[in-house]
Amino acid sequence: MTTAIAQDTITLTINGKTVTAASGKTILQVCRDSGIYVPTLCYDERLEAYGGCRLCLVEVKGQGRPLSSCTTPIREGMEVTTDSDRITRLRKTVLELLLSNHPNDCMLCEKAGACTLQELVYMYGVRYDNYYGEMWNLPKKDDNPFISYDPNKCVLCGRCVNICQNVVMKGTIDMTGRGFYSKPDTAFGKPLTPDICVFCGQCVSACPVGALTEKQARGKGRVGSVERVRTTCTYCGTGCNFYLNVNKGKIVKVTSDYAAPVNKGNLCVKGRFGYDFIQHPDRITKPLIRREGVTDTSPEVLKDPMAVFREAEWDEALDLVASKFMELKNKYGPDSVGGFSSSRCTNEENYLFAKWVRVALNTNNVDNCARV
Amino acid sequence: MSRQISISVCMGTGGLAAGAREVMEMFSVELASAGVETTLHAQKHCDLHRVGCRGFCARDVLVDVSIDGTKTTYEQVTLDRVARIVNEHVVGGQPVEEFAAGVDYHNFEDKQLKVVLSECGLIDPEDIEAYIKVGGYEAAKKVLATLSPQDTIDTIKLSGLRGRGGAGFPTGLKWEFGSKEQASQKYLICNADEGDPGAFMDRSVVEGNPHVVIEGMIIAAYAIGTTKGYVYIRAEYPLAVQRLELALKHARQKGFLGDNIFGRGVKFDIKVKLGAGAFVCGEETALIASIEGNRGMPRSKPPFPAQKGLFGKPTIINNVETLANVTYIIRRGAEWFASLGTEKSKGTKVFALTGKIKNSGLIEVPMGIPLRKVIYGIGGGIEKDRRFKAVQTGGPSGGCIPESLLDTHLDYESLASVGSIMGSGGMVVLDEGDCMVNIAKYFLEFTQAESCGKCTPCRVGTKRLLEILTRITEGKGKANDLVTLEALARDVIDSSLCGLGQTAPNPILSTLKYFRDEYDAHIIDKRCPAGVCKALLTYTIKEDACTGCTMCARVCPVKAITGEKKKTHYIDHGLCIKCNSCYDVCKFNAVDKR
């Protein structure tokens, strides 16, 4: 066993420093694990390495050409340099080229402050005007309630396409066109409609710039003005984690938590866009108990719910439910009652619920809506 | 005793375009009316058949008439010439000298060394028996019967064969990598996605002798240990596709492909996959993506296709010409092949010789031949005996080689040392009338449009390079443009993902190196020395030369030229659109452009 582990370990040097890592890892992964900074735009840990942005280029001794560290597996004795003059110059050129077809629009951009391009341009001190020429002037695509696409800001990192094709397995978008005019889009540029898109917003979560943004969050607060609150999704039992972005007490959007053990930054449409119920005025925030003597609950009467129900405290409501259950159980036997739980509960909640029905109510009449 | 008469009509794409099908039909008609049978065992028997590309497409339709082994080649055969050829030559035994191919043809043909193309103009590409008659499939049979896979690899290694697709990787070594991989399935791919503008080497081989490629694939498959092969071929080559499909069908019927090849229990078959016209799909990882049904985009190497290729399995990709060479190496011996060419570049290479050259067409020469011999020997020199300026080798990603380096040898290393590449074998000759800035711009227009868009340097970098070149040709060049151009060109080469971006700036760097004065003339003097860049030209009429014949005024489409009969004419520069019509029409050289 110990020999097997020894064989699977590779020793290499990065910037003159000796590093040991498991075989099968890429240079970029080892750099990140060792705290060595390598810039990337197209790398997304949820995806297979793409190698397109060319920012993660590093020099490997013996190789004439710089290699993309995200795609190159480590080898025994490899000598890697991540920050030579040559590499820095190439990275700057790449950034300058990206800027030469990117609107100078950070002031109005949703992504400002959280934009990888902005951060790298700042870090490398790259100017806008080194290369000039044709710039895209394409219409913004805003044809659905969730996702806003401004192709002019796209850096062609391919992450949206790859996550849609290989994680969501939906294939709504792909690269279209050739050369300077290639860009991610739907087939024939058709609008995003429910028949081709599930609106999971995975593409938005993958976009390192302001090309794909949450439409509902527009103008409601950028990264500098929001507080991020980590929470667990309440929609189903999977238990996905994410960050609620809160600006002055209002939830403005949901962003991914890449460290989340269950979903690793991935979310579905409900988790990513279904947060508006939380602060909806119609949301019931207290238990309601039917008023004494009211028997008519027809839709007509329910138009004014408070005429039928009254607000109560949790203790009173739970006492009422408990007493009613006991009453039925004592009168008709334990199998006359049962429990039906929701798939929006966590696994732990469902476990506790089943336990409670079986032990407290003495019946096996328990089920969950996810099974229906 | 009956005479052995054979007539072969060139029916490659070039021949067909020149009317070869009609010529062939006319021969049947004329032969029948002259009483010459085209069936076997007749008293007066004549074997009339089609052949593949002969190379000298400019003189199509080419027809060979051979009587008892004495061959006469006729060039530019048209329908009205057929009757005389049949009556005087086939029947009368007297060749029609006035239609026979002249000195150009013989210059072109006799100075070549044909290996890959050796059977292209000889045998009927649609007849497997014709191929078998010249020794076809004997090489594959020999390999399967007497050689182990490792022996086969060793033979190819010994021959020194290097990939003909452009990069020149040793073929035997590539096969060895493939054979050593352990996998449930491996693949062999023949790359017939010839995308360089003006290149038609692979097309001609597949059209002219598809079986030689199939035989090469059988040998390669046996050496690597695979049962599945693909030919990735351009859909724009309908004739090649059709002849390849037919050849595959015949080979299967003969038991040369299938579950039990040559009855030796070896399994191998070939599928044809049509490419949809993307230049980048000539790059092996993009080609693999395309066969898999994905958008043709390259991926980074390593891992190399030999380790992880088609559908994630070990895959060996060889070019058409490489595989054709394999057949001849086995047939004639590794030592014979190694005796051709130079120390590091063995064998021959097929080139598509085009541009401002007298004899343009498809040629095959031994590696290491000096460029001068190709251009002034086989090519017959420059059209209209104008001055040679440069030769561009290696397709759109190649470089331009100036007159001072005309003694450069045609091999991988020598071409690289002068800033060009072998590429797949494009060779465009340029003369004094070509503007080198414009040439660089032309090639960049192609490569930037064909970029797949995946990596930034190629997608945006080639576009910006093209824009700088365009500005220079429009007279809007700035003093520091050449610094920017050169630096960006080097960065694009250094940082692009695949071969397309890594070579696309070559035409810029080589023209900058050898023709920097032309760039300077455009930028500083606002002048195009070759008189090509419209925006920098001014047309004037020389007073002393103008006879007032009014021709220029009559052809001018915008009525910019005025003048009375027999008096000097004038051009209104405000109206002139620089269409060159007046220059072309003037018989007195009175129109001056500079």
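Colleague: Is B:I270 buried or exposed?

Modeller: Buried means under 20% relative accessible area, exposed over 50%, and partly exposed in between (1.4 Å probe, protein chains only). B:I270 has 3% relative accessibility, so B:I270 counts as buried. A word on the source: this is a predicted model, where local features need pLDDT of at least 70, side-chain atom pairs count only at pLDDT 80 or more, and totals for chains, interfaces and linings use all residues. Residues are numbered from 1 along each chain as its sequence is written, chains are lettered from A and ligands numbered from 1 in the order in which they are written, and side-chain values use heavy atoms, with hydrogens and water left out.

Colleague: Where does B:I270 lie, and which residues does B:I270 touch?

Modeller: Helices (H or I, at least four residues) and strands (E, at least two) are DSSP runs, numbered from the N terminus. B:I270 belongs to strand 8 (residues 266-275) of chain B. Contact means heavy atoms within 4.5 Å. Not counting residues up to four places away in sequence, B:I270 touches B:I214, B:M217, B:G229, B:Y230, B:V231, B:L248, B:R252 and B:L257.

Colleague: Thanks! At what angle do helix 10 and helix 11 of chain B pack?

Modeller: Axes are lines fitted to C-alpha atoms, for helices over the stretch in contact, and angles run from 0 to 180 degrees between N-to-C directions. Helix 10 (residues 210-224) and helix 11 (residues 238-253) of chain B pack at about 55 degrees, with axes 9 Å apart. Helix 10 of chain B contributes B:P210, B:H211 and B:I214 to the contact, while helix 11 of chain B contributes B:R243, B:L244, B:A247, B:L248 and B:H250.
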